[in-house]
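Please open the structure in a viewer and keep the selection tool at hand.

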Amino acid sequence: MNICIISLRENNPLIGGVERVSFELGNYWHHCGHKVIFLSRYCSGLAEGYESGCEEYFLPDSDVADTKRNEDYTVHLLKSKTIDYVINQGSVFEDLCQLCYKVKQRLPIRLITAIHYDPLCRIKALETSFFIRERLGGNLRLWLIDFLLYLRYQLVGRGKALDNEKRAFLTVA
């Protein structure tokens, strides 16, 4: 089995949780006899002293993942390495998800997107942003405005926010 793990930055286990998981999975699969490569959007300044048993590649356009140049580069790389499975570790980054989706449209690969956060975190943040007493103080006018905004959110905005989240995950699949 040939696997590509795609992430935001190199899979240095000293950087963070997602990077550590990617590093451990990649090296474990590599030691089990599978071909594993890492593809990252950019190389951080923390790459020194980090070594992996897997080949590591970086997108040519590091500012934004979802470019035609990155898409062509990724398609060429995955074809040349005969990759069967792509694991997207950057589900929180919409441009990285879009890149994976476009590459999947061009190649017969299996795409697995790992979600490392609460999928409803943006909606929960919106719902808890109303009626913050420190912001409104005792001003009745501000409370009334906030109540009307909250009512509008409950009637219209919440559904739109949920639709946006669903659409984001459906394009990843």
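Helices and strands are taken here as DSSP runs, a helix having at least four residues and a strand at least two, and they are numbered from the N terminus. The model on display is a predicted one.

**The whole chain**

Begin with the entire protein, coloured by secondary structure. Six helices and five strands are present, and along the sequence they follow the pattern β-α-β-β-α-β-α-β-α-α-α. Of the 173 residues, 35% are buried. The protein exposes about 10200 Å², and carbon and sulfur atoms supply 58% of that area. Among contacts between residues at least 6 apart in sequence, 64% join residues at least 24 apart.

**The nonpolar cores**

Next, select Cys4, Ile6, Ile37, Leu39, Leu78, Val86 and Val103. Within the largest nonpolar core, which has 19 residues, these are the ones that touch the most other members. Strand E1 (2-9), strand E2 (35-42), helix H2 (68-80) and helix H3 (94-106) each supply at least two residues of this core. The largest share, four residues, comes from H3.

Centre the view on Ile6. Leaving out residues up to four places away in sequence, Ile6 touches Leu39, Val86, Ile87, Asn88, Gln89, Gly90, Leu96 and Cys100.

Now return to Gln89. Is this residue buried or exposed? Gln89 counts as buried because its relative accessibility is 7%, and buried means under 20%. The side chain of Gln89 joins that of Ser22 through a polar contact of 2.9 Å. Beyond four places in sequence, the residues that Gln89 touches include Ile5, Ile6, Val18, Ala114 and His116.

**Arg41 in strand E2**

Select Arg41, which has its place in strand E2. With a relative accessible area of 13%, Arg41 is also buried. Which backbone atom does the side chain of Arg41 reach at 2.6 Å? That atom is the backbone oxygen of Asp63. Apart from neighbours within four places in sequence, the contacts of Arg41 include Ser7, Leu8, Leu59, Val64 and Asp95.

**Glu56 in strand E3**

Move on to Glu56, in strand E3 (residues 55-58). Glu56 counts as partly exposed, at 23% relative accessibility. The C-alpha atoms of Glu56 and Phe38 are separated by 4.6 Å, although the two residues are 18 residues apart along the chain. Setting aside residues up to four places away, Glu56 touches Glu10, Asn11, Phe38, Ser40 and Tyr50. The side chain of Glu56 also reaches the backbone nitrogen of Asn11, at 3.4 Å.

**Salt bridges**

A search of the whole structure finds eight salt bridges. Three of them may be selected in turn.

- Lys81 and Glu55: their side chains meet in a salt bridge at 2.9 Å, N to O. The pair links distant parts of the chain, with Lys81 in the loop between H2 and E4 and Glu55 in strand E3, 26 residues apart. Lys81 is buried at 17% relative accessibility, whereas Glu55 is partly exposed at 37%.
- Asp61 and Arg69: here too the salt bridge is 2.9 Å, N to O. Asp61 is partly exposed, with a relative accessible area of 22%, and Arg69 is exposed at 51%.
- Glu71 and Arg106: the closest N and O atoms of this salt bridge are 3.0 Å apart. Glu71 lies in helix H2 and Arg106 in helix H3, so the pair ties together parts that are 35 residues apart in sequence. Glu71 is buried at 10% relative accessibility, and Arg106 is partly exposed at 38%. Salt bridges that share partners join Lys68, Glu71, Asp72 and Arg106 into one network.

**Towards the end of the chain**

Select Pro119, in the loop between strand E5 (110-113) and helix H4 (121-127). Pro119 is partly exposed, with a relative accessible area of 33%.

For the last stop, select Leu144, Phe147, Leu148, Leu151, Leu155 and Val156. Together they make a nonpolar surface patch of about 580 Å². Phe147 is found in helix H6 (residues 140-172) and counts as partly exposed, at 40% relative accessibility.

Key: Residues numbered from 1 in each chain as written. Predicted model: local features only at pLDDT ≥ 70, side-chain atom pairs only at ≥ 80, totals over all residues. Heavy atoms only, no water. Patch = residues over 30% accessible without salt bridge, like charges linked within 9 Å, V, L, I, M, F, W, Y side chains within 5 Å. Areas by Shrake-Rupley, 256 points an atom, 1.4 Å probe, with all protein chains shown as cover. Salt bridge = Lys/Arg side-chain N within 4 Å of Asp/Glu carboxyl O. Buried < 20%, exposed > 50% of the residue type's maximum accessible area, 1.4 Å probe, protein only. Core = buried A, V, L, I, M, F, W, Y, C linked by side-chain atoms within 4.5 Å. Contact = heavy atoms within 4.5 Å. Polar contact = N/O pair within 3.5 Å; in protein donor to acceptor, adjacent residues only side chain to side chain.
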